[in-house]
Amino acid sequence: MKIKTFVVVLSTIAGLIVSIFTAVMTFVIIGEPICSVMLIKITVTVLSVLPVIAFLSLFAGTYMSKKFKFIEYRLEKIRNQKFNQEEEKHYIREVQEMHDDINFLSNQLEDLIGDLRQKNHNLSNLLISMSHDIKTPITIINGYIEEIEDGLVTPQKMPAALKHMKKEVEFLDELTIDMLEFISSMEQYKTKEKIMLYYFIKNEVFPLLPQNDKVKLLSTIDKDYVVKFNKVDLKKICVNILSNAIKYTKEGYVKVSALDNNILFENNGEEIKDEFKDKIFEPFFTISTSKNRKDSGFGLGLSIVTNLSKNNDYKCTLNSSTKEKTVFSLEAMC
């Protein structure tokens with residue numbers, strides 16, 4: 001039974017019952033005896049009220065039917081992955097609450113599906129790049145093995161061949177570690193804690209950074225500044241960003257500061273060109289022009305930073321990059 005029919009039938013029955021009860025009680029109160037004349041009067045009264053009852057029942061049924069059809073329409077759009085919000089006001093509080101809940105769930109589903117699509121895209125790129133990066137060292141190692149089996153590598157050349165093979169194995173090991181790090185960075189719902197950022201940077205981050213006498217490590221964070229973050233994630237983020245800053249700063253400084261709810265990483269190293277600014281957070285993208293794979297890296301660092309930041313309700317962005325300075329920031333999203 002459709003809701004409109006259900007409401008009309010229910011309202012009509014309820015109206016009839018109330019009308020009959022009211023008419024009977026009226027005659028009882030005024031002291032009229034129960035007889036055929038009274039029954040005729042009650043029947044006439046009910047019949048005269050019946051059109052009004054039917055009209056009001058039809059009005060209520062039509063109104064409720066429209067509300068539920070609207071909700072059905074919204075759910076159908078969500079089913080078709082159309083998550084646009086609908087601003088609608090309803091006089092019935094329960095219907096309004098249901099409408100607000102649908103908007104909330106629509107927004108949550110949109111974010112969730114968008115996040116899953118992005119992760120699927122990243123994993124697809126990861127597998128494609130991984131297969132390409134793994135193929136080269138495996139081909140080199142296999143080539144040396146075949147040469148050794150065919151006796152083409154003399155005893156004098158054997159140490160050099162083994163050294164080259166060992167480097168390729170180390171490359172594969174580093175690539176595997178970075179791959180696993182990237183995948184694990186997608187994990188959400190980690191435990192957060194309050195961190196005294198000044199002492200954290202000084203005692204747990206700066207000691208892990210590459211040593212460069214020409215680059216000064218600076219911190220202008222207030223000693224009482226506190227952030228709520230997963231400690232392991234924050235350490236990985238800071239080490240990654242600051243290590244990159246040191247790598248691309250020939251001489252100068254690398255500085256960490258805090259402003260409001262943002263953590264800022266500043267350096268006066270190489271400028272990041274405009275065409276790279278939107279790509280540096282993509283997996284396997286690197287701006288290094290070095291042909292040495294060890295120097296250029298795998299391009300996963302800032303992608304890992306992006307994932308870890310998001311998991312802690314932060315967003316990592318490149319604020320600006322000029323010849324004078326480059327500034328990255330961790331911005332709190334809530």
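**Entry 1**

The model is a predicted one, in which local features need pLDDT of at least 70 and side-chain atom pairs count only at pLDDT 80 or more, while totals for chains, interfaces and linings use all residues. Residues are numbered from 1 along each chain as its sequence is written, and side-chain values use heavy atoms, with hydrogens and water left out.

I then listed the contacts of leucine 330, contact meaning heavy atoms within 4.5 Å. Setting aside neighbours within four places in sequence, leucine 330 is in contact with Phe229, Leu234, Ile237, Asn261, Asn262, Ile263, Phe265, Ser309, Tyr314, Lys315 and Cys316.

**Entry 2: serine 329**

Serine 329 sits in strand β7, residues 326–332; helices (H or I, at least four residues) and strands (E, at least two) are DSSP runs numbered from the N terminus. Is serine 329 buried or exposed? I find serine 329 buried, because its relative accessible area is 1%.

Its side chain is joined to that of asparagine 319 by a polar contact of 2.8 Å. I use polar contact for a pair of N or O atoms within 3.5 Å where, within protein, one must be able to donate a hydrogen and the other to accept it, and where residues adjacent in sequence count only if both atoms are side-chain atoms. Beyond neighbours within four places in sequence, serine 329 is in contact with Ile263, Leu264, Lys315, Cys316, Thr317 and Asn319.

**Entry 3: salt bridges**

Side chains of opposite charge can pair when their charged atoms come close. I counted a salt bridge wherever a side-chain nitrogen of Lys or Arg lies within 4 Å of a carboxyl oxygen of Asp or Glu, and the count comes to five.

Aspartate 313 and lysine 192 form one of these, with their closest N and O atoms 2.6 Å apart. This pair links distant parts of the chain, 121 residues apart, with aspartate 313 in the loop between α8 (301–311) and β6 (314–321) and lysine 192 in the loop between α4 (158–184) and β1 (193–196). Aspartate 313 is partly exposed at a relative accessible area of 32%, and lysine 192 counts as partly exposed at 27%.

Which residues are linked with Glu204 in a network of salt bridges? The network consists of Glu204, Lys231 and Lys235. For glutamate 204 and lysine 231, the closest N and O atoms are 3.2 Å apart; glutamate 204 is in helix α5 (residues 197–205) and lysine 231 in helix α6 (residues 231–247), 27 residues apart. Glutamate 204 also meets lysine 235 in a salt bridge, at 3.3 Å from N to O. Because glutamate 204 lies in helix α5 and lysine 235 in helix α6, that pair ties together parts 31 residues apart in sequence. I noted relative accessible areas of 26% for glutamate 204, 30% for lysine 231 and 27% for lysine 235.

**Entry 4: aromatic pairs**

I paired rings of Phe, Tyr and Trp (its six-membered ring) if their centres lie within 6.5 Å, with planes under 30 degrees apart counting as stacked, over 60 as edge-to-face and the rest as tilted. The count comes to three aromatic pairs. The rings of tyrosine 198 and tyrosine 199 have centres 5.0 Å apart and planes at 90 degrees, so that pair is edge-to-face. Tyrosine 198 counts as buried at 17% relative accessibility, whereas tyrosine 199 is partly exposed at 39%.

Phenylalanine 229 and tyrosine 314 form a tilted pair, 4.9 Å centre to centre with 45 degrees between the planes. Phenylalanine 229 belongs to strand β3 (residues 226–229) and tyrosine 314 to strand β6, 85 residues apart, and both residues are buried.

Key:
Buried < 20%, exposed > 50% of the residue type's maximum accessible area, 1.4 Å probe, protein only.
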